[in-house]
Amino acid sequence: MSQQLDTAVTAETAIDPDDITIAYLGGGSRQWAPNLIRDLAQSDLSGEVRLYDEFYESAQRNAEFGNWVHSDADVEPTSEWSYAAVETLEEALTGADVVILSTQYNPAETFVHDLDIPKEYGIYGAVAATIGPGGIFRAMRTVPQYRKFAAAIREHCPDAWVFNYTNPVHFVTRALYDEYPEINALGLCHEVLGTRHRLAHYAREELDMDAERSDISVNVKGINHFTWVDEARCKGVDLWPVLEDLVEGEEGHQEFTWDDLADESVFVDNWQVTWELFRRFDVLPAAGDRHLVEYATSFIQNGQEGLNRWGVKRTGSDYRAKHWTPAESDQTTDVEAWLSGEKEFELEESDEVFVDILRALVGKDTYVTNINLPNVGQVSDLEEHAVVETNATVRANEVKPMAAGGFPRPVRALIQGHVDTIETVIEASREGDIDAAFEGFLIDQQIRTLQTEEARELFAELVDAQEAYLADWDLSESAVLEESDAYQG
């Protein structure tokens, strides 16, 4: 299995587990904040949470919910937390021990374009959230703001632990370190946790073991949403022979049609992309199929039929647009329904590991989980400083990444291409150079299916549709936009 590295991310100041100050940037969150509030309520930690959001009313709503959870006579929290909405970054960050980053822009004005415009050019992305044309534009909207967050953290709480949940995790976490190299930032994602859930299922079904996610250990490596596993064990038992049997049997050879998937959630995961990549490269992908197809792009060829054949269902723009309104969304949490009594409230835990990591950082435990960090040797054949995802050991005031080794050449080639795209866009963001960002766009593996002129027009059309969210990029001096017919700005 993977080995500890000598280097670590460390904080100078210990955190008091009974008096933790958390600054939540994006505190009006419709999904992560309600999960956090419920998880903290069931922890053995206490403190205050300051909720900052561009939409102050949303932060106020979550503050009301958080304080209600701790005052409702029918709920029995095991901790003491208070919540307050604040109006400035300085108020949120000053003296904070922990900073949580979880933001997004109005999907009706952003995500819908990320999905619909590339489709007109023949790019049938499944999610369009972390790579490909949609993922790159999400990064271009988000990275400048996160540079400002990193600068504010450097000024107001330079030793704080920063938990980034915002997608695209690899772009955003890289931007934080690019702006403030000494930041203690951790990029977090639950895709590898989902793979461990699945492996526990196979341990139960195939080996008759009593297994759950925590019993599964994996050697994970890669970049976010394109992670891979080359060792997997359940309570010390090697699962690789089980996987090799399953991939060659009925489990690993299923085909689907639109009719098969019509009533399924957009999050359905049939693992057929996972099995196909495992069959071809003998390394197991460790992210959901709906994300894998955007990195291994042959799976999104031939439109809906090609995607559905692998059991993947596209997240449509209509679904994304509803994300802004919790009462209409299947994914977000309607805390107002709990507050009003319209919906019965139960204090349930999420599957996230924030509290587990925080407990370890304050010295209550040692915890191992997958974390996105700049590469200092944990992935041996990817470039230094690129943000990679591997296991890391968390203990008091320290996160120590593990050396996970390298990749077979074909897999490394797939991953390295995406690293080059990410690094090119990050470099462009330093000066807001839109033409340099286009170079990163042009080498993306989805964009390579287009002629260069088509790629330019797609880029320009996306800029035109989202110009209000690209204010930190220099559009006026762009030669690429000047050449285009699609840009009307």
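Colleague: How many salt bridges does a search of the whole structure find?

Modeller: The search finds 22, where a salt bridge is a side-chain nitrogen of Lys or Arg within 4 Å of a carboxyl oxygen of Asp or Glu. Keep in mind that this is a predicted model, so local features need pLDDT of at least 70 and side-chain atom pairs count only at pLDDT 80 or more, while totals for chains, interfaces and linings use all residues. Residues are numbered from 1 along each chain as its sequence is written, and side-chain values use heavy atoms, leaving out hydrogens and water.

Colleague: Which residue forms a salt bridge with Arg 174?

Modeller: Glu 423 does, with the closest N and O atoms 2.8 Å apart. Arg 174 sits in helix α6 and Glu 423 in helix α16 (residues 409-429), 249 residues apart. Helices here are DSSP runs of H or I with at least four residues, strands are E runs of at least two, and both are numbered from the N terminus.

Colleague: Is Arg 174 buried or exposed?

Modeller: Arg 174 is buried, with a relative accessible area of 10%, and Glu 423 is buried too, at 8%. Buried means under 20% relative accessible area, exposed over 50% and partly exposed in between, using a 1.4 Å probe and protein chains only.

Colleague: Which residues are linked with Arg 174 in a network of salt bridges?

Modeller: Arg 147, Arg 154, Asp 178, Glu 179, Glu 423 and Arg 430 are linked with Arg 174 in that network.

Colleague: And how many residues of helix α6 are buried?

Modeller: Ten of the eleven in α6 (residues 169-179), so the helix is largely enclosed by the rest of the structure. Among the buried ones are His 170, Phe 171 and Tyr 177.

Colleague: Switching to strands, what covers the story for β6, one face or both?

Modeller: Both faces of β6 (residues 98-101) are covered: Val 98 and Ile 100 are buried on one side, Val 99 and Leu 101 on the other. Strand β3 (residues 20-25) pairs with β6 in the parallel sense over four bridges, pairing being at least two DSSP bridges between two strands. Four bridges also join β6 to β7 (residues 161-164), again parallel.

Colleague: Which residues of β6 are the bridge partners of Ala 23 and Trp 161?

Modeller: Val 99 partners Ala 23, and Val 98 partners Trp 161 in β7.

Colleague: Last one: at what angle do α7 and α8 pack?

Modeller: Helix α7 (residues 191-207) and helix α8 (residues 240-248) pack at about 85 degrees, with axes 11 Å apart. Axes are lines fitted to C-alpha atoms over the stretch in contact, with angles from 0 to 180 degrees between N-to-C directions. The two helices are therefore roughly perpendicular, a label for 65 to 115 degrees.

Note on methods. Parallel < 35°, antiparallel > 145°, perpendicular 65-115°, else oblique.
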